[in-house]
Every structure is written in C-alpha cells, then in structure tokens.
Amino acid sequence: MTNYFKSFTRPHVLPHWYQDLLTAIPRIVCGYLLTSDFGSSKFGLPWSPADSNLHLFEVSFWFPGDVAEYGGIFKMFPVFFAWMGAFSEAVGGLFIVFGFQTRLFSILILLTMLVAVFLQQWHNGMWSMLPALGFAWVAMYSSVLGSGRFGIDYLITRSSK
Amino acid sequence: MFTAFAVLQFSCVQKTKKVIIHLKLHVTGIKDIKSAGIRGDGKPLSWDKDLEMKPLIKDSLYIATFTTVTGYNFVECKFTVNGQTELNGQPNRRINFKDRNEVNYEATFNQP
C-alpha cells in the first residue's frame, strides 16, 4: 500500500529542468485560478468572498440544483456530486499549485471539468466550453506527469526509489 | 457508506433564507414609459426577462416587491425602462441584506 502510494505520488521528471518548468507554469496558473476564483466562489474556504456567506467546506446553495439538472446519477445524488465538484476545484486547485498529491487532484479536476464540458456547457457553444476545456487539458497531462521537479511531490519522493 | 452520504446530503450545503425586497425606482427625463422592470441574479430575477414594476406615478415612480430564497447576503440587479437596461458598461447594483429578512431599496434610473 505504501509503495503504491509512493509510486502514485512520485512525479515523472523530464530530462531538463526547463521542461518541468514549462509544464509547471500552466498547472500553477490553473490551480491558482481554480482555488482563488472558480472554486472558492462556490465552496467555502478562508478566502471565499465574504458576501457569498459560505462557511468552511460548504457548497453554494444553488449548485446542487444545477447539478441535478444533468440527470441520471447526478439527479440521484446532487449534493454529493456538487460538493465533490466544488471541492475538486477549490481544494484541488490549491493542491496542484503546490504540486502536492498532484495526480490525485488532477484526476478529480479532470473528471469535474469533463462533466462541466459535456453536461453543463455543451449546449452553450464552444466559447462557453473553453474555460473548462483549458483546465481539463492541464489536468490531463498533470495526472500523467505529476508535479515534475516543481512541486512538493518531488521533494517528498526524491529520496526513495 | 449510506450514513456518510446522508450526512453529506444535509450538512454541507449552504443554508438559505427567505428575503423580501421592496423596490422603488425613480425615473426622470423619460416620457410615455411603456414598461419598467428589474433584472438580476437568482429567482425570481433573471438577466433575460424583466420582473415587472408597477407605476405608482406614471413616468416618475415605479415599485415592485419580490421574495427570493438565497444563501448570499446580497442580490445583484439592474433596472430597465422600455426594455433598455440601465448603467450600460457599469457594475450591477448590489442590494445588501446581511442579518435582515426584509429590505427596502430605492434608486434612480441610470444613476449608480
């Protein structure tokens, strides 16, 4: 179990440091946007807007209703999926900024963004899909590469094989 | 597992409250007004369709009252006259109601 956890955490390191830097920049920018704005506006974090009246780890009152409209399993468990989606954006964004458990949170963000693209924005046209698509692309490669050199995952796994 | 689901279903969603909002809109410089309304965030408001305001004094003073259920401490909105939305290119109006369940809001059309 411990070995599995370590191998899941350990990032792929690219041959040159600047290659890791170029893959880290989009990850850090997307993580920052998710945790500071997209996520924290509908999930309670210490930096959520005060007027939104969100307590810690609360999901916005309107979000489960929106999620239920996707139908199917989302209609059966709207609060669960709303909470998970908002958590993935707000908390996952913070974790991928620092490159901590990068693969785990990238997968959560990727799943959330795929739902946003195909079930929320699909009928609103390509321009409406672009933000979620952008986050999805970054989460996709981050779920494969992990944090690279520029993240906590690299620091905590580099001494172990 | 089901207990965890049940706890999540009821404990982690922002609490809402019912707020009654009374609006007064002063209009100056526009004659023969056909309609006045308000648009905004959260039901019953919408950015696509007016919530109708009634004339108290034609071409001068319009009123409306609506009830919204929200978790926020504010609602964002703009007024319309004859289908034209005010404050073009400017921020929305913000009606604050922290710790209140009923609020009166008075404004003049196209004046922030």
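How does the radius of gyration of chain A, with 161 residues, relate to that of a compact globule? For 161 residues a compact globule would have a radius of gyration near 15 Å, and the 16 Å of chain A agrees with this; the radius is taken over C-alpha atoms, and the globule rule is 2.2 Å times the number of residues to the power 0.38. The model is predicted, and local features need pLDDT of at least 70, side-chain atom pairs count only at pLDDT 80 or more, and totals for chains, interfaces and linings use all residues. Residues are numbered from 1 along each chain as its sequence is written, while chains are lettered from A and ligands numbered from 1 in the order in which they are written.

Chain A has eight helices and zero strands, where helices (H or I, at least four residues) and strands (E, at least two) are DSSP runs numbered from the N terminus. Its C-alpha atoms fill a box of roughly 45 × 35 × 30 Å along the principal axes. Buried residues account for 40% of the 161 residues of chain A; a residue is buried if 20 or more other C-beta atoms, placed from the backbone, lie within 10 Å of its own, exposed if 12 or fewer, and partly exposed in between. Of the contacts in chain A between residues at least 6 apart in sequence, 62% join residues at least 24 apart, two residues being in contact if their C-beta atoms, placed from the backbone, lie within 7 Å.

Helix H2 (residues 17-38) and helix H5 (residues 78-98) of chain A have axes that come within 7 Å and cross at roughly 150°. Axes are lines fitted to C-alpha atoms, for helices over the stretch in contact, and angles run from 0 to 180 degrees between N-to-C directions. The crossing of H2(A) with H5(A) is left-handed, that is, the near helix is turned anticlockwise from the far one by less than a right angle. Residues of H2(A) that meet H5(A) include Arg27(A), Gly31(A), Leu34(A) and Phe38(A), and those on the side of H5(A) include Glu89(A), Gly93(A) and Val97(A). The residues of this contact divide into eight nonpolar, four polar and two charged; Ala, Val, Leu, Ile, Met, Phe, Trp, Tyr, Cys and Pro count as nonpolar, Asp, Glu, Lys and Arg as charged, and the others, Gly among them, as polar.

The largest nonpolar core has 30 residues, of which Val59(A), Ala82(A), Ala86(A), Ile109(A) and Phe135(A) touch the most other members. Such a core is a set of buried Ala, Val, Leu, Ile, Met, Phe, Trp, Tyr and Cys residues joined through C-beta atoms within 7 Å. H2, helix H3 (63-68), H5, helix H6 (102-121) and helix H7 (126-145) of chain A each supply at least two residues of this core, and H5(A) gives the largest share, ten residues. Beyond four places in sequence, the contacts of Val59(A) include Phe43(A), Ala82(A) and Ala86(A), as well as Cys12(B), Val13(B) and Gln14(B). Apart from this core lies another, of 16 residues, among them Leu25(B), Leu45(B), Val75(B) and Phe109(B).

Phe43(A) lies in the loop between H2 and H3 of chain A and counts as buried because it has 29 C-beta neighbours inside 10 Å. Its contacts beyond four places in sequence are Val59(A), Ala86(A), Phe87(A), Glu89(A) and Ala90(A). Buried residues of H6(A) include Phe105(A), Leu108(A), Ile109(A) and Met113(A); what covers the buried residues of this helix includes H5 and H7 of chain A.

Chain B has one helix and eight strands, in the order α-β-β-β-β-β-β-β-β along the sequence. Its radius of gyration is 17 Å, well over the 13 Å that the globule rule gives for 112 residues, so chain B is more spread out than a compact globule. The C-alpha atoms of chain B fill a box of roughly 65 × 25 × 20 Å along the principal axes, and 23% of its 112 residues count as buried.

The contact between the chains takes twelve residues from chain B and 14 residues from chain A. On the side of chain B, helix H1 (residues 2-11) gives the most, with three residues, and this side divides into six nonpolar, six polar and no charged residues.

In the backbone of chain B, the peptide bond from Lys43(B) to Pro44(B) is cis, with omega near 5°. Asp59(B), which is not a glycine, has a positive phi of about 65° and counts as partly exposed, with 15 C-beta neighbours inside 10 Å. Asp99(B), also not a glycine, has a positive phi of about 65° and is exposed, with 7 other C-beta atoms within 10 Å.
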